[in-house]
Amino acid sequence: MISTSVARRIGLAVLGLGSLVTTSASAQTAKPASAQKGVGINIANIDPSVKPCEDFFHYASGNWLKNNAIPDAQSSWGAFNELIDRNQATLRTILTTTAANAAKAPKGSNAQKVGDFYGSAMDSAAIDAAGLKYLKPHLDRIMAINSLADEQKLLADPKAHVGSVWLSSGVDQDLKKSSEYAVYLNQGGLGLPDRDYYLKDDARSKAIRAAYRTYQVNTFKLLGDDQATAEKNAAAVTRIETRLAKASKSRVDLRDPYANYNKMTLAQANASFPNLALTEQLQGEGLGAAKEVIVGQPEFLKEVSAAMQQEPIADQKQYLRWHLVSSVTPALPRAYGDEAFKFSQTLSGAKKQQPRWKRSLASTDRALGEAFGQLYVDKAFSPAAKAKAKEMIENLRKAYAERIQATDWMSAATKKEALTKLNAFVVKIGYPDKWRDYSTLNVSRESYLNNLFAAQEWANKREVNKFGKPIDRAEWGMTPPTVNAYYNPAMNEIVFPAGILQPPFYDPKADDAVNYGGIGAVIGHEMTHGFDDEGRQFDAQGNLRDWWTKEDADKFNAKAAMVGKQYDAFTPLDSVHVNGKLTMGENLADLGGLTIAYQAFMKTPQAKAGKLIDGFTPEQRFFLGYAQIWRTNIRPEAVRQQVQTDPHSPGQFRTNGPLMNMPEFYKAFGCQDGNKMMRAAADRSKIW
């Protein structure tokens, strides 16, 4: 039942691309004059036919967008993807070498485990030859279920490996008592990415449901069902999942941490959800000492309890069977993966499947990321990058403190609490101080599927073992090679893996303008998550606690609502609007992060000197540095999925959205009233 990937709280707020005269309208069309040559910004990427004050996204990256088609195996392509590709090339070399030498490595060593895990994932011939040999015992256990009691017993077994069924659960910090771990129960159990795919009647939703049904039917046929039986089983799974979808909260509703925090005694939970057999479930997982649970969505769990009682056991078995098989597709014969990819094309628009080595690399990273992450940082991470990141973080922290103190809408009492929280931010850079211990995880070259199951069991046990122990504040939520960053409200920490401390985010050869516009804005973004519409509800110790005066909270909410309204109006495709409420936290973080990074940059010698590089002022290079990290081409199918499911806005609006609120940008590029990038003063959002 325990799932280590459960989104059971607000959790990790992740990141997820002639000289100019700055005070005149001619700055919109002037070409950079020959001057000092710069590093970090490729001037050839700029499209001079686009005026920066009309559409900065296409001005800053227009030529790059024209010259970089989306690869067939990708749903989008941008600065993140380019860096990820470079990272993957390094990681592939590490993994290929480690796999080739695994037989010589000491048994039980990280090198042996990493090598054999990756080697087994890459051995498609062995996977095809094995067929369902290693999966059959698990399928047989499901098919042996004859009653609800049998199913409850199976679900209580950590070795059942039925995938994500019925709900999601796990052990994590108690959001109102962050010094203790708690057991969480939340909605889950769906096969499609979002509940709305089951509920909406628009043409795209219907097409996705039809593709999903085809995927289910064809997979059941691969398992040995005839056509009629496969269709019947697929219909049963879809009916159960649709029932769960109807009881699920929307992604916007899931962003309210108070509404999704409902602590109950185990006795109360058993009375409310009798068919979940929670006492037996927790005992089976090794959590028999738990006396309380935190329920995210009580109405959903009531519906699950009812469904487990009301749905025919024969249909529930097919639901379990489907989720087991679909959760381990990469470790099954190629035909299973082909069916999964055909369905994913409907969602993403990708034309080719990712090469097996990339899929195997990602799987190894999930299972053993800190084991081969050690090899990665030795090879690819510069101590100078870590030192520079630390310096920039402290510069931004000072700038943030100045902005908080200067706000005209926040009372002294709330400012004091905000500064306390800001100064309490824990900073993690590059890689963990203490590496994860994989000594109890057994991996062999025999079976990729068995390795997946072993890794899952190990991760579940590791999570369960946290319960009742002190909070592990050294733990990381991302592996070192990850090209991303995050803020964790319960830890009140900002974390920057080694993977993101590279160009275009951070370039040791580039000027400060580029780096403050890149990694500086990322740092400011994660800091601002501590004060966005969700993060602001947690205090300096990571507890869900209201530390705002009512007047200040009302003022903040009004300012946030203005940002939401701005993004609601953005349309990446005809009739497709960004969801300002779903993307609120990320939009606030983008705006706040860029504002803070700019203030910190203006204290640097480069900003004070004001010398041109590549014909651009320091201020202009700052904004170009920011824009280049969000350059992205994306397929229409992927845009639609992103808008429906992703709390991040499309790259175009992550670029233009914040800048349209910044007078500093207007001044840098000489924007005038009437330019599309320049909002009327009354329509601009300023929070920090």
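Predicted model: local features only at pLDDT ≥ 70, side-chain atom pairs only at ≥ 80, totals over all residues.
Are Cys 53 and Cys 671 buried or exposed? Cys 53 is buried, and Cys 671 is buried too.

**View 1. A disulfide joins Cys 53 to Cys 671.** The S to S distance is 2.1 Å. The angle about the S-S bond is -85°, and the link is left-handed. Cys 53 sits in the loop between strand 1 (13-14) and helix 1 (56-67). Cys 671 belongs to the segment after helix 26 (663-668). The two cysteines are 618 residues apart, so the pair links distant parts of the chain by the S to S cut-off of 2.5 Å. The disulfide count for the model is one.

**View 2. Phe 56 belongs to the largest nonpolar core.** This core holds 178 residues. Phe 56, Trp 166, Phe 505, Phe 623 and Phe 665 touch the most other members. Beyond its neighbours within four places in sequence, Phe 56 contacts Phe 623, Leu 624, Ala 627, Thr 655, Asn 656, Leu 659, Phe 665, Phe 669 and Met 677. A second core is separate and has eight residues, among them Leu 175, Tyr 184, Ile 294 and Phe 538. In soluble globular proteins, nonpolar side chains tend to be buried together.

**View 3. Asp 507 is buried and has no salt bridge.** Asp 507 is found in the loop between strand 9 (493-497) and helix 19 (512-529). Which side chain of opposite charge is nearest to Asp 507? Lys 509 is, at 6.4 Å. The backbone of Lys 509 is another matter. The Asp 507 side chain reaches the backbone nitrogen of Lys 509 at 2.9 Å. Not counting residues up to four places away in sequence, Asp 507 touches Val 39, Gly 40 and Asn 515.

**View 4. Lys 603 makes a side-chain polar contact with Glu 402.** The contact distance is 3.1 Å, side chain to side chain. Lys 603 lies in the loop between helix 21 (584-601) and helix 22 (605-609). For scale, the C-alpha atoms of Lys 603 and Phe 220 are 63 Å apart. Along the chain, Lys 603 and Phe 220 are separated by 383 residues.

Definitions and conventions:
Residues numbered from 1 in each chain as written. Heavy atoms only, no water. Core = buried A, V, L, I, M, F, W, Y, C linked by side-chain atoms within 4.5 Å. Buried < 20%, exposed > 50% of the residue type's maximum accessible area, 1.4 Å probe, protein only. Contact = heavy atoms within 4.5 Å. Helix = DSSP H or I, 4+ residues; strand = E, 2+ residues; numbered from the N terminus. Lys, Arg positive; Asp, Glu negative; His and termini not counted. Salt bridge = Lys/Arg side-chain N within 4 Å of Asp/Glu carboxyl O. Polar contact = N/O pair within 3.5 Å; in protein donor to acceptor, adjacent residues only side chain to side chain.
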